[in-house]
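Hi there,

Here is the structure I promised to pass on to you.

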Amino acid sequence: LEHKQMEDLLDEIAGAIEAEDTDRAIDVGDSLLLLVQQHNIKEEEMLYPAAENLLAGDWDELSRVLAEYKDLQD
């Protein structure tokens, strides 16, 4: 939901820039900044630790798969 809100705010900023409404672009940019900061805190405090706990037993396999993927991209 928050990613969608960020996308919508970016679209709104683009529209304001296109309309040469600098004040609106800055105001919406401030809103976007706050949303991103709050979102990052949630991810760092909840999502990332939960992902680490969930995937802890699979790190070796994940590392191998990612290395293979990287080799395919090179």
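**What I found**

Ile41 is found in helix α2; helices here are DSSP runs of H or I with at least four residues, strands are runs of E with at least two, and both are numbered from the N terminus. At 46% relative accessibility, Ile41 is partly exposed, where buried means under 20% relative accessible area, exposed over 50% and partly exposed in between, with a 1.4 Å probe and protein chains only. Ile41 and Thr22 are 19 residues apart along the chain, and their C-alpha atoms are separated by 29 Å.

Before going further, please note that this is a predicted model, in which local features need pLDDT of at least 70 and side-chain atom pairs count only at pLDDT 80 or more, while totals for chains, interfaces and linings use all residues. Residues are numbered from 1 along each chain as its sequence is written, and side-chain values use heavy atoms, leaving out hydrogens and water.

Now to the helix pair. The axes of α1 (residues 2-18) and α2 (residues 22-55) come within 9 Å and cross at roughly 160 degrees; axes are lines fitted to C-alpha atoms, for helices over the stretch in contact, and angles run from 0 to 180 degrees between N-to-C directions. The two helices are therefore roughly antiparallel to each other (under 35 degrees counts as roughly parallel, over 145 as roughly antiparallel, 65 to 115 as roughly perpendicular and the rest as oblique).

On the α1 side, the residues in contact include Met6, Leu9 and Ile13, and on the α2 side they include Val28, Leu32 and Leu35; contact means heavy atoms within 4.5 Å. Which residues of α2 are buried? They are Ala25, Val28, Leu32, Leu35, His39 and Glu43, and these buried residues pack against α1.

Two other residues are worth a look. Glu20 lies in the loop between α1 and α2 and has a positive phi of about 60 degrees, although it is not a glycine. Glu20 is exposed, with a relative accessible area of 70%. Gly15, in helix α1, is partly exposed at 37%.

Best wishes
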